[in-house]
Amino acid sequence: MILCTSAVGNLLLSHDAFAVNTKKVASKSSQKNTQSKAADVHYLEWQEVQSFIAEMQAQHQFPLDQLQHIFDNARYVESAVQLVKPAPPGKPKNWKAYRARFVENGRIAAGVTFWERNQETLQRAERQFGVPAGIIVGLIGVETIFGKNTGSFRALDALTTLAFSYPETPNREARSQFFKNELSQLLLFARDNKLDVFSIKSSYAGAIGLAQFMPSSLRQHAVDFDSDGKIDLRESEADAIGSVANYLAKHGWQKDLPFAFPATLLDQDPASLSLKDALNRGLKSSFYIDDLKLLVSTADDKAPRNLKYGLIDLQNGDDPTEYWLATENFFAITKYNRSYFYAMSVIDLGNVIALARTKE
Ligand SMILES: [Ca+2]
């Protein structure tokens, strides 16, 4: 999970950027640079790291020698720096291409098996938190292919790098601060759970386990759903399932609320001000259907008139944009990753896996 602090106008960039940049860092020349640059960086000597250590000591009573040992051994990760850089501009957003990367046969088959294996746990999560099994399965599938891609970086290295070596971007200061906080949460998480901090693996951005929780979310929202006395989002599928459901419930999920209904744009200029205004209301529902009746129609009679919706657009490159009326439950998924594409992929993957199960 990457909780971007970008403005809503930059939605859909974060996840989209990954594939492009992954190719870039895989080249041989950059691997060579990585090795030489990493050898030059010694975080313990950095003034900013010393200040961070002092803060951890003062605020959390962390022993100095432990912190010195940790940052003496924290490594710079060049690929993390490359991967957080914004995607090159100009490439149009394409929902269908994005969806095809996540809703595909391998992931669907793995999802059917995962669902089968965890059926009782998923039902228990649904009862306790009101989040349907399909959404939990879809989310864990999109995040890590059910544990296949949980990341091979040391979380300490990834977070130290992004906290202190964030690339020069307009939002550098805010992002550095975000990762400093996550780094401190990681250290506290390891201490609280008596874990060797060097042993915790993550994505390049510090997201941990089957459901890719950032350390702050891990500490705040993860739950021990198999009741073995510890929270383990890396090994325990039950803990991951319960934690995803708890996270969504804490971020506005409402039991039995639908997710989204397709909408058709009424005859007007897609660039009209009123449409733009309706589309840019942030990650929340602001309108009743009647408020939008001059802009869009929905053929789906099931869309309740007494619910509030947000109007969202899913751009399709040169093909027509899709419009949807999204409920608060759709937006709860965007609290996990601030992207409409992401949320819709989670919903679609869950639906397709549910359908595949019935055909077995
Ligand atoms: Ca557990």
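## Strands that pair up

Two strands count as a pair if DSSP finds at least two bridges between them. Keep that in mind as you look at this structure, which is a predicted model. Here, strand β3, covering residues 260–265, and strand β6, covering residues 319–326, run antiparallel and are joined by four bridges.

β3 and β6 are part of an open sheet with four strands, in the order β4-β3-β6-β5, and the pairing is antiparallel. Because β4 (296–297) and β5 (310–316) each have a single partner strand, they are the edges of the sheet, and one side of each has no neighbour there.

## Stepping back

So what else is in the protein? There are 16 helices and six strands in total. Of the 360 residues, 40% are buried. If you take the contacts with a separation of 6 or more, 73% of them are between residues 24 or more positions apart.

## A closer look at Thr-327

Thr-327 lies in the loop between β6 and α15 (328–334). Is Thr-327 buried or exposed? The cut-off for buried is 20 or more other C-beta atoms within 10 Å, and Thr-327 has 22, so Thr-327 is buried.

Who are its contacts? Leaving out residues up to four places away in sequence, Thr-327 touches Leu-257, Pro-258, Phe-259, Ala-260, Ser-285, Leu-307 and Tyr-309. Gln-254 is 73 residues from Thr-327 along the chain, and their C-alpha atoms are 9.8 Å apart.

Technical notes: Residues are numbered from 1 along each chain as its sequence is written. This is a predicted model: local features need pLDDT of at least 70, side-chain atom pairs count only at pLDDT 80 or more; totals for chains, interfaces and linings use all residues. Helices (H or I, at least four residues) and strands (E, at least two) are DSSP runs, numbered from the N terminus. A residue is buried if 20 or more other C-beta atoms lie within 10 Å of its own, exposed if 12 or fewer, and partly exposed in between; C-beta atoms are placed from the backbone. Two residues are in contact if their C-beta atoms, placed from the backbone, lie within 7 Å.
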